[in-house]
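User: Hello! I would like to learn how to read helix packing and a few other features in a model. Could you take me through them?

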Amino acid sequence: MAEEDGLDIGAEEGKSGGKKKLIIIVLLVLVLVGGGAAAYFLFFSGSDDAGDSAESAEAALANEPSTYLALDPAFIIDFMVDGRQRYVQLNMSVKSKNTAQIDAVTLHMPLIRNSLVLLFSSQSFAELQSADGKAALKQASLDAINGILEQETGQGGIDAVLFTNFVMQ
């Protein structure tokens, strides 16, 4: 009797099932596209922010005034040269734009002074008389201090070593 009225119940069920499948497929595609976009922004945008923050931190330190710390008392090193006792008296300061690293130098002063005394006493008196020898000693001192700071705090941060007094006799 339903067939005589032109009503086909099975045809309506097929059409609504097709619409449900289409809606489910469209929703799945939207979820996948949204998830892909979210993953892209999380993974690729996050690394740029870290690079920008590191660059901005360096730029902020570049604009800061330098801070100086004198390594007192003076270093006095003795040398035997041609059977004569020779001395070097050396006053030095360190320069940095990072005040936290200046505080770290103060905290680790005994370790730094020990390393510098060993460095200075291993030098040749004749080499220290030349400007190149003094420049090499400044660079070696800077490397020694930054090495200790990297070991103790995880970062260097000392920009320069300055000899404020250098007496050889």
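Analyst: Gladly! Let us start with a helix contact: Val105, Thr106 and Leu107 in helix 3 meet Met109, Pro110 and Ile112 in helix 4. Keep in mind that this is a predicted model.

User: How do the residues of the contact of helix 3 with helix 4 divide into nonpolar, polar and charged?

Analyst: Five residues of that contact are nonpolar, one is polar and no residue is charged.

User: Thanks, that is clear. Where do these helices fall in the order of elements along the protein?

Analyst: The protein has six helices and four strands. Reading from the N terminus, the order is α-α-β-β-β-α-α-α-α-β. As for contacts between residues at least 6 apart in sequence, 69% join residues at least 24 apart.

User: Next, cavities. How does one find where empty space is left?

Analyst: A probe the size of a water molecule is rolled over the atoms, and this shows where empty space is left. In this structure there is one cavity of 30 Å³ or more, and the largest cavity holds about 30 Å³ of space.

User: Which residues line the largest cavity?

Analyst: Its lining consists of Ile77, Phe79, Val88, Leu90, Phe120, Leu128, Leu137 and Phe166. Strand 2 (75–81) and strand 3 (84–96) are the elements that give two or more residues to this lining. By residue class, the lining has eight nonpolar residues, no polar and no charged ones.

User: And the backbone? Which residues does a cis peptide bond join?

Analyst: The cis peptide bond links aspartate 72 to proline 73, with omega about 0°. Look for proline 73 in the loop between strand 1 (67–70) and strand 2. Another spot to check is aspartate 82, a residue other than glycine with a positive phi, near 50°. Aspartate 82 sits in the loop between strand 2 and strand 3.

User: Is aspartate 82 buried or exposed?

Analyst: Aspartate 82 has a relative accessible area of 77%; exposed means over 50%, so aspartate 82 is exposed. For the whole protein, buried residues make up 25% of the 169 residues.

Note on methods. Residues numbered from 1 in each chain as written. Predicted model: local features only at pLDDT ≥ 70, side-chain atom pairs only at ≥ 80, totals over all residues. Heavy atoms only, no water. 1 Å grid on protein atoms, 1.4 Å probe; cavity = no way out; pocket = protein on both sides within 12 Å on 5 of 7 lines; lining within 4 Å. Points joined across faces, edges and corners; volume = space filled by probe spheres on them. Nonpolar A, V, L, I, M, F, W, Y, C, P; charged D, E, K, R; others polar. Contact = heavy atoms within 4.5 Å. Buried < 20%, exposed > 50% of the residue type's maximum accessible area, 1.4 Å probe, protein only.
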